[in-house]
Amino acid sequence: MYGINKEEALIMHIDLNSAFATAEQQAHPSLRGKPMGVTNRISKECCVIAASYEAKALGIKVGMRRTEAMAICPTFVLLETDPPKYNAVYQKLIKIMLTYSDKIKMKSIDEGIIDFHGMEHILNGRTLEDIGYEIKQRVKTEIGDWMKINVGIGTNRFLAKEAAGWHKPDGLDKIDHTNLIKYYKDRELTDLSGIAERYGARLNAYGIMNAMDFLKAPEYMLKKQVFKSINGTYWYQRLRGFEMDDHETSLGMVGRQWVVKDPSDKDEYLLPCLSFLCETTGMKLRYREVEARGVAVWVSYQNGEYWHQRRMHKSTFYTNQEIYRRALELFNKRPHGIVRTMGIYTYMLTPSQVSQLSMFDDITKVRNITKAVDEINDFYGTFTVYAGTSLEGKKIIKQKIPFGGTEYFDLLLKTA
Amino acid sequence: MDPTIQINEIVDVVPIFRGRASEINVCTPWKMKYGIHEVVFTKLGMRHPTAKGKRMIHVFDVSDGINDYRLEFDAERLIWTLVSMVEGNS
């Protein structure tokens, strides 16, 4: 009736439950079963970035301030993040997933996809549910007995993710043409992965109030009226279990942003921080073996205003100094005001040409010094050698845990 | 509150190396002498590798049934360091 995909469900989504908090409970047996959480750096007003299930049951949510969490539960334990620990869990999870299929894709540090298409012959008659239970057991024996995962199985990535979130924690569910309608009947729009408040409001404006209404909505209406783009068609197909998300995204920009620790309008405070952000951006560029032609700087102010400027250059650049010089030109043009958040990104990325010989002596010198500094930092740890302009910035800006992509995890770990 | 107590002291450790064991149990600290106390570990929470520059460090999170201890083994200098502990009643 709805044109639902009737193929066999061969996509498995694996999601570690409250990954950072559970990893800490695994490492600290005394914290198991207790409300606890993890934050980047402990301070009076720091935020909970991961909460254990015991804490969530009390109403402590991710993003909540420490003081709010302590008001709910005075015995709430908050630990600082330990990136190497989470990386070890992440690597072990990848290792387990790779024993089932080479077609795996990590969506972030705590969730990934196994695509079983073309792997039917190695299943030996076992269902994906059997494999799911086996992976759950292997996670317990190979990573730790406290570790729990949600497993979702679907005909596409979207339904597999929905299935993984159906019965948390420690759930295993499959969504296919036999139970898709039943699943949608109990769902609000914002329960669906990828539909947040703004999309929800847009759908509401066209009389789509819940997941079932969304499924019933005609493709033409979604494409031409609601989303006003091809996204409408993508959603129409995605909801019916057709794969719309199996594509590689190309690297479009590389940068770093920072929520200013003490909002300020003073150059002597902001410039070293900008320099530090440029150094991190340069490291990322070279790590991804690309060079940039464009640089952009943006600032959001205490009063809610936003400023942004970008500039394209004729030649490519990749050194920290070049990025800082170009970013500083833009940053100095910003309107006066107290800066709350600032960021820099580079764009128009092209493959690195560092290995090519240059006719110009000064270019070769810059290349050599950059390579030498990178080698020192690689051997002794990131930021062993860095620019004097970043000296104060390094003291102020703390390294953060990558929540989204895991592309820079190895780079982050070198700081340890 | 963060219940972690930072210690950072080199300690004497008796480890067990098992020839036939799962990857996570190949090497486990068995007991440690810390000051005048001898602590016998009953549970290995997690082991993971990390690096200080290019130096390989093995981190062992262990428990004596009451308190949790973080031990680091420097694979280059062959030194065990008791980095921190979390008291079980915290």
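## Chain A as a whole

In this predicted model, chain A has 16 helices and 12 strands, and its C-alpha trace spans about 65 × 55 × 50 Å along the principal axes. For a chain with 416 residues, a compact globule would have a radius of gyration near 22 Å, and the 24 Å of chain A agrees with this.

Of the 416 residues of chain A, 35% count as buried.

## Two helices in contact

In chain A, helix H1 (residues 19–27) packs against helix H4 (residues 83–98) at an angle of about 100°, and their axes lie 10 Å apart. Because angles of 65 to 115 degrees count as roughly perpendicular, H1(A) is described as roughly perpendicular to H4(A).

On the side of H1(A), the contact is made by Ala19(A), Phe20(A), Ala23(A) and Ala27(A), while H4(A) contributes Lys85(A), Tyr86(A) and Val89(A). Sorted by class, the contact has six nonpolar residues, no polar residues and one charged residue.

## A sheet in chain B

Chain B contains an open sheet of five strands in the order S1-S8-S7-S6-S5, and the pairing is antiparallel. Strand S1 (4–10) and strand S5 (43–52) of chain B are the edge strands, each of which pairs on one side only, and the twist from one strand to the next averages 20°.

Strands S1(B) and S8(B) (residues 79–86) run antiparallel and are joined by five bridges; Gln6(B), for instance, has Ser84(B) in S8(B) as its bridge partner.

Methods. Residues are numbered from 1 along each chain as its sequence is written. Chains are lettered from A and ligands numbered from 1 in the order in which they are written. This is a predicted model: local features need pLDDT of at least 70, side-chain atom pairs count only at pLDDT 80 or more; totals for chains, interfaces and linings use all residues. Axes are lines fitted to C-alpha atoms, for helices over the stretch in contact, and angles run from 0 to 180 degrees between N-to-C directions. Helices (H or I, at least four residues) and strands (E, at least two) are DSSP runs, numbered from the N terminus. Angles under 35 degrees count as roughly parallel, over 145 as roughly antiparallel, 65 to 115 as roughly perpendicular and the rest as oblique. Two residues are in contact if their C-beta atoms, placed from the backbone, lie within 7 Å. Ala, Val, Leu, Ile, Met, Phe, Trp, Tyr, Cys and Pro count as nonpolar, Asp, Glu, Lys and Arg as charged, and the others, Gly among them, as polar. Two strands pair if DSSP finds at least two bridges between them. The radius of gyration is taken over C-alpha atoms; the globule rule is 2.2 Å times the number of residues to the power 0.38. A residue is buried if 20 or more other C-beta atoms lie within 10 Å of its own, exposed if 12 or fewer, and partly exposed in between; C-beta atoms are placed from the backbone.
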